[in-house]
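Hello,

Here is the structure I promised to pass on. Have a look at it first, and my notes follow below.

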Amino acid sequence: MQGLTDKNVLVTGGTSGIGQAIAVRFAAEGAHVAINYRTDIEDAGQTDEMVHEAIEECRNQIARHGVDHILVQADVTKQDQVERMVQDVIDRLGDLDILVNNAGIQISGSSHEIEVDDFDKVIAVNLRGAYIGARAAIQHFLAEEKPGVIINVSSVHQIIPKPRFVGYSVSKGGMQNLTRTLALEYAGRNIRVNAIGPGATITPINRAWVDDPEKKEDVEQHIPMGRPGTSEEMAATTAFLASDEAAYITGQTLYVDGGLTLYPDFREAWSSE
Ligand code: NAD
């Protein structure tokens, strides 16, 4: 895709799933990639070993493309860590051109029963974390008077309510207006802000159904195209939106969802025949 060669990209939550595929895709496009990781053992049940394995896999794939890649640690909920990370990327890669806010978590439970702390945790990573990252990136773009791109990895749950995942639904709903507000505010400064809206995608966040054939079939039945998406499909759309081929697009969310946002229950007429 045009305009990605030699660009410097920071991908948060880049060590697994969609983030990892995005990091690999940008490298394949000739971009230099900073892969953010949060190696806190308490991180959503991931063991230190798993995180390191994922980092190694990502590094090995990127190394094949012969571009620069660095690892940068930060918990996206911590402003000081995110700001240090952005500076670290600028110091080590020489610049920052594209930020991909991908880090995300979900916590389930009846909305009247989950701990308010759990609600706060999801908002802190998915929404506040994306804002903190965008804020730091925009400060850099403005200080250098250079163009910049921000891509938020949102979700179909930006517009489809997700019962039992109230924090997640609210965070992604908020992400839509984060995307649109920043896009409008900085359009005149040559900074584009867009989002992708993945549907059900095979990644570790979905381990509850990915490895269970019955649950997986149930998920597939709800998707008009009859299958979940892949991380690579999410990465392709992210690369497109970040590239010069999307130079006139800002403030948009591109859903990559096999038709999930098309009101699948209306595939057959049931309300007016
Ligand atoms: P994943 O669990 O593999 O990836 C999430 C990543 O975020 C992990 O690398 C994790 O370490 C990182 N992360 C979590 N908390 C962090 C923190 N505080 N600081 C830094 N990193 C942190 O799952 P995924 O499916 O690849 O999710 C990536 C994004 O895609 C998320 O924002 C998710 O909401 C979104 N998404 C996924 C799907 C899906 O079906 N998989 C659908 C829609 C949207």
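Helices here are DSSP runs of H or I with at least four residues, numbered from the N terminus. Gly30, which follows H1, has a positive phi, near 90°.

A word on the source: this is a predicted model, where local features need pLDDT of at least 70 and side-chain atom pairs count only at pLDDT 80 or more, while totals for chains, interfaces and linings use all residues. Residues are numbered from 1 along each chain as its sequence is written, and side-chain values use heavy atoms, with hydrogens and water left out.

On confidence, pLDDT (the predictor's confidence in each residue, from 0 to 100) has a mean of 93 over the protein chain, and 94% of the residues reach 70 or more. Over residues 41-47 pLDDT stays under 50. Where pLDDT is low, the predicted coordinates should not be read in detail.

Back to H1: 10 of its 12 residues are buried (under 20% relative accessible area, with a 1.4 Å probe and protein chains only), so the helix is largely enclosed by the rest of the structure. Among the buried ones are Ile18, Ile22 and Phe26.

Thr179 sits in helix H5 (residues 166-186). Its relative accessible area is 0%, so Thr179 is buried. Leaving aside residues up to four places away in sequence, Thr179 touches Asn152, Val193, Asn194, Ala195, Gly251 and Gln252, where contact means heavy atoms within 4.5 Å.

Happy to talk it through.

Best wishes

Methods: Buried means under 20% relative accessible area, exposed over 50%, partly exposed in between (1.4 Å probe, protein chains only). Helices (H or I, at least four residues) and strands (E, at least two) are DSSP runs, numbered from the N terminus.
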